[in-house]
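Please read these points with the structure open beside you, and look up each residue as it is named.

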Amino acid sequence: MYLIYDLVVHTARIFLNLASFFDAKLRLFVNGRKGTFAILEANVSKSDQVIWIHTASLGEFEQGLPIMEAIRSRYPSYKILVTFFSPSGYEVKKRTPVADLVTYLPLDSAKNAKRFLKLTHPKLAIFVKYEIWPNYLRTLNNGQIPTLLISALFKNKQIYFKWYGNFMRKSLGGFSHFFVQDKNSEVLLNSIGHTNVSVSGDTRFDRVSQILERDNTLGFMSSFKGNQDCFVAGSTWPEDESVLVPYINSSNKNIKYVLAPHNIKEKHIDNLVSSLNKKAILYSQIGDLDISNYEVLIVDTIGLLTKIYSYADIAYVGGGFATGLHNTLEPAVFGIPVVIGPHYQDFKEAQDLVSLQGILPILNANSLKDTLNRLLDHPEYARNTGDICKRYIARKKGATNEVVSHIDNWLI
């Protein structure tokens with residue numbers, strides 16, 4: 001079966017190489033990997049003690065970050081190698097100070113896996129959430145290298161639990177230990193013979209809790225908001241904006257609006273500005289201007305959203321009408337009500353908070369209007385809704401400490 005899998009990987013590589021001529025993101029994916037082995041040869045010596053942490057993309061990196069920081073503090077003599085599968089993660093975090101070295105992960109062929117592990121010779125490997133690569137796991141297992149899967153979430157619909165999933169099911173045997181988010185994941189793993197499982201929770205709760213400990217002050221937001229209520233819509237897609245803009249245009253509420261689109265390309269931003277009938281300004285236009293009289297601020301840059309959420313009285317998180325819900329924990333940690341689109345079923349924290357009524361899903365423009373007006377007209381209801389979010393996150397902290405305490409078993 002590994003021969004067939006290897007053939008699939010090589011076929012995929014050929015297809016990706018061809019497709020990269022027509023797609024900029026695929027070009028980064030392909031070209032970025034061309035130098036990986038040379039980077040490893042130049043930066044990892046035989047005497048280095050390496051801990052390898054693999055993440056798919058930016059979201060998984062943030063999920064693994066508390067573990068990386070704890071390892072950096074607890075084992076300063078080890079070299080931390082972080083790998084990414086996706087360009088969207090690598091391009092943003094390739095210079096992160098938490099790692100000694102950041103590279104793409106070469107495609108999962110048997111040859112690549114053996115070469116990668118020979119060059120890096122990790123003392124410990126950590127995969128985050130969903131990353132299951134059969135050749136890498138087989139080679140790690142053959143080399144008796146302890147390998148952990150952290151913040152994992154398993155569901156009945158996944159291939160490991162289907163009659164036709166034997167090959168991928170066997171790949172799970174490459175893990176020395178599973179740290180899963182919930183009891184259901186443990187039960188599923190037990191059902192296919194894996195008892196090396198701890199229900200440790202999700203490290204993202206530790207990560208977002210750290211947000212409260214830092215300085216989230218933004219001068220332009222203090223000026224913009226003043227003493228008024230502020231509604232922040234983050235990571236929005238056109239499908240979200242088609243619901244949000246009519247409310248902003250028609251509402252007579254005395255509040256400030258912040259829109260932080262997922263797509264900040266000029267054409268999209270121009271279209272968004274032209275769709276608004278309220279006084280709007282772009283972040284890139286602020287300069288030394290007094291923006292206190294503007295009603296809508298459009299954030300046409302990246303990297304500020306988490307701090308902007310600290311100024312919100314109500315938040316909307318995009319993606320629930322489109323490609324997939326973005327991070328709801330970042331606004332929720334500030335103890336504010338969070339509104340989302342209707343498609344959130346694949347996101348456990350969103351499901352939990354919807355059932356607790358801390359996150360409020362909407363179906364269309366009418367339900368957005370009803371939800372926002374209820375929150376704005378009833379401050380006590382809004383406070384109680386936000387408190388639900390805050391308490392939920394506080395209860396879920398602690399996964400990092402449990403994982404790191406187990407890591408001691410393999411490194412000490």
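The points below take up an annotated residue, the nonpolar cores and the cysteines.

1. This is a predicted model, in which local features need pLDDT of at least 70 and side-chain atom pairs count only at pLDDT 80 or more, while totals for chains, interfaces and linings use all residues. Residues are numbered from 1 along each chain as its sequence is written, and side-chain values use heavy atoms, with hydrogens and water left out.

2. The unreviewed UniProt entry places the annotation "active site" on Glu60, although such annotations may be inferred rather than shown by experiment. Glu60 is found in helix α4, residues 58-74 (a helix is a DSSP run of H or I, at least four residues, numbered from the N terminus). Glu60 is buried, with a relative accessible area of 19%, where buried means under 20% with a 1.4 Å probe, protein chains only.

3. Leaving aside neighbours within four places in sequence, Glu60 is in contact (heavy atoms within 4.5 Å) with Thr55, Val128 and Lys129.

4. Of the 42 residues in the largest nonpolar core, Phe220, Met221, Val258, Leu297 and Ile308 touch the most other members; a nonpolar core is a set of buried Ala, Val, Leu, Ile, Met, Phe, Trp, Tyr and Cys residues joined through side-chain atoms within 4.5 Å. A second, separate core of 39 residues includes Val50, Phe127, Phe161 and Val180.

5. The structure holds 0 disulfides (a disulfide is a pair of cysteine sulfur atoms within 2.5 Å). For Cys230, the nearest cysteine sulfur, that of Cys389, is 17 Å away. Cys230 is buried at 2% relative accessibility, and Cys389 is buried at 0%.

How values were computed: Helix = DSSP H or I, 4+ residues; strand = E, 2+ residues; numbered from the N terminus. Buried < 20%, exposed > 50% of the residue type's maximum accessible area, 1.4 Å probe, protein only.
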